[in-house]
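The sequence and structure come first.

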Amino acid sequence: MKKCLTILLLFVVACLWAAPVSAQNPFTSKSETRHKAPPPVIKSQFFIKIIVWQHQIRQKMSDLIRDVQTTGNIMPLLFLVALAFSYGVIHAIGPGHGKFVAMSYVLSHRASIVGGLLFGILTAFLHGFSGAVGVLGLRYILQRGVGETLGSVTTVTQIISFGMITLLGLSIFLKNSYALFSKPVFSQHAQETKASRKGLVPWALAIGLIPCPAVVMVMLFCLSMDAMTLGLVMAAFISLGMAMTISGVVIAVLVGKAGALQIVSRKHAEMIEHGVGLVSGMAVTVFGGLFFIAAVG
Amino acid sequence: MVHRKILILSMLVVILLSRVVPAESHPHIFIVQRLSMAFDEKGLAGIRVHWKFDDMFAGMIAEDHDRNQNGHLEPDEVKSIRENAFSYLAEFNYFVFIKIENTSFKVKYTTDFTATLQDGRLEYRFFVPCHVRATQSIKKITVATYDPSYYSAIFFAKNKPVSLTASDACEVKTAIREDPETTIYYGMVHPWTLFLEFCLKP
């Protein structure tokens, strides 16, 4: 009964994170190029406060960037990077940013706390810097309009990202199905630990591939102020803030998982672990597939 | 016992974080708006909308449409903005949702669109034609401005959010408050709405 409850709890919590990575700008794109997500499981007014905070931080950041550029005064820089970090933390609390997939990864792999931390950092920096690099590439290499072109770039990266996520989810599902139904589970520990660390990069890549719209906006603003280096510094600190939120979620799940598994015997723990892996693999496959179809369509 | 506490604590943290997860994308564009209710000799003629965008979005639009990068928008650049960064809003009623006596009014087109860029600050101005004849009895109109996808968040300006023009022939009352009957973003947000009442002066 306890085991069923644990699996159910983990699955429900995992489902709460099911959210799209980004929707596209209604000002610069037609509605058919935007995808729509399913409704949230839980609604919260706290979210409205986050919106207001984001607005305030963003306005403050743009004022300070303008101040640094026009006066040459570097004193506000410290405050500016602190703001960028806070913005990243708050921004990543919102939907998307791969938290659901990241949670599924740690639920189905034997990742350590350090591994979880690395996972969060890698994902956030890929997500942030794909935005920054995308802006610089479009402006300086392709010399094309960023706002409009980035919409189609985002669609392509969404297709690749959701495709990768679907395949990775399918691999978790198949691996855990095989371990659960066809093979004795005891012999696999060492192998799985190694595999989980080796496989961290494609997961982070799948999540982080889509450019972060927040970093794109900050980068564009800095470019408009002729402050590319400052834009890259801001992108780094926003990414660091996002890494903190994503890592926090990943570590909370890891601790929860470890605590849950220690309550039961080793044999049952492994069965539960594979059961949870199977369910989260299935959830990742289904959601990844749905978003993939929406992005292609 | 300790493990159970750790388990409960970590689950609570995750569930707490999960509570702030809505479904679609959070706003990436922030708009502060002012509305001007334009009257003529027959009654209400329409609504002049004035949007001031956050600096980040302004930077994005300037990057793409201020082609000579002189920090100002020339007529051809304004035309480019209208075609590529405004006209798509037609699918969303131009974010202006009007109800006349509780009946929805479809905004099919707008006029007098103009965009300005001054010191890196971007503003849009446009007119939404909406004719409502003034009579001796009170006409009730609501104007809610919001992005249904919530990619953009629209706030009323704190200072003079609403003004009236050429309304001398009418008695007009305005109020701004959240409309509990309208919800967006899966029921989480009640958009700020202008409640307008007017009738002919006796």
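## Helix α3 of chain B

In helix α3 (residues 75-85) of chain B, the buried residues are Glu77(B), Ile81(B) and Ala85(B). Because these residues cover an arc of only 45° around the axis, they lie on the same side of α3(B); the arc is that of the directions from the helix axis to the C-beta atoms. An α-helix has 3.6 residues a turn, so residues three or four places apart point the same way. Pro75(B), Asp76(B) and Glu83(B), on the other side of α3(B), are exposed. A residue is buried if 20 or more other C-beta atoms, placed from the backbone, lie within 10 Å of its own, and exposed if 12 or fewer do.

The buried residues of α3(B) pack against α2 (55-65) and β5 (111-118) of chain B. Contact requires C-beta atoms, placed from the backbone, within 7 Å.

## Sheet of chain B

Five strands of chain B form an open sheet in the order β4-β3-β7-β11-β10, with antiparallel pairing. Its edge strands, β4 and β10 (170-178) of chain B, each pair on one side only. Two strands pair if DSSP finds at least two bridges between them. Helices (H or I, at least four residues) and strands (E, at least two) are DSSP runs, numbered from the N terminus.

β3(B) and β4(B) form a hairpin with two residues between them, and Glu101(B) in the turn has a positive phi of about 50°.

## Basis

This is a predicted model: local features need pLDDT of at least 70, side-chain atom pairs count only at pLDDT 80 or more, and totals for chains, interfaces and linings use all residues. Residues are numbered from 1 along each chain as its sequence is written, while chains are lettered from A and ligands numbered from 1 in the order in which they are written.

Conventions:
Contact = placed C-beta atoms within 7 Å.
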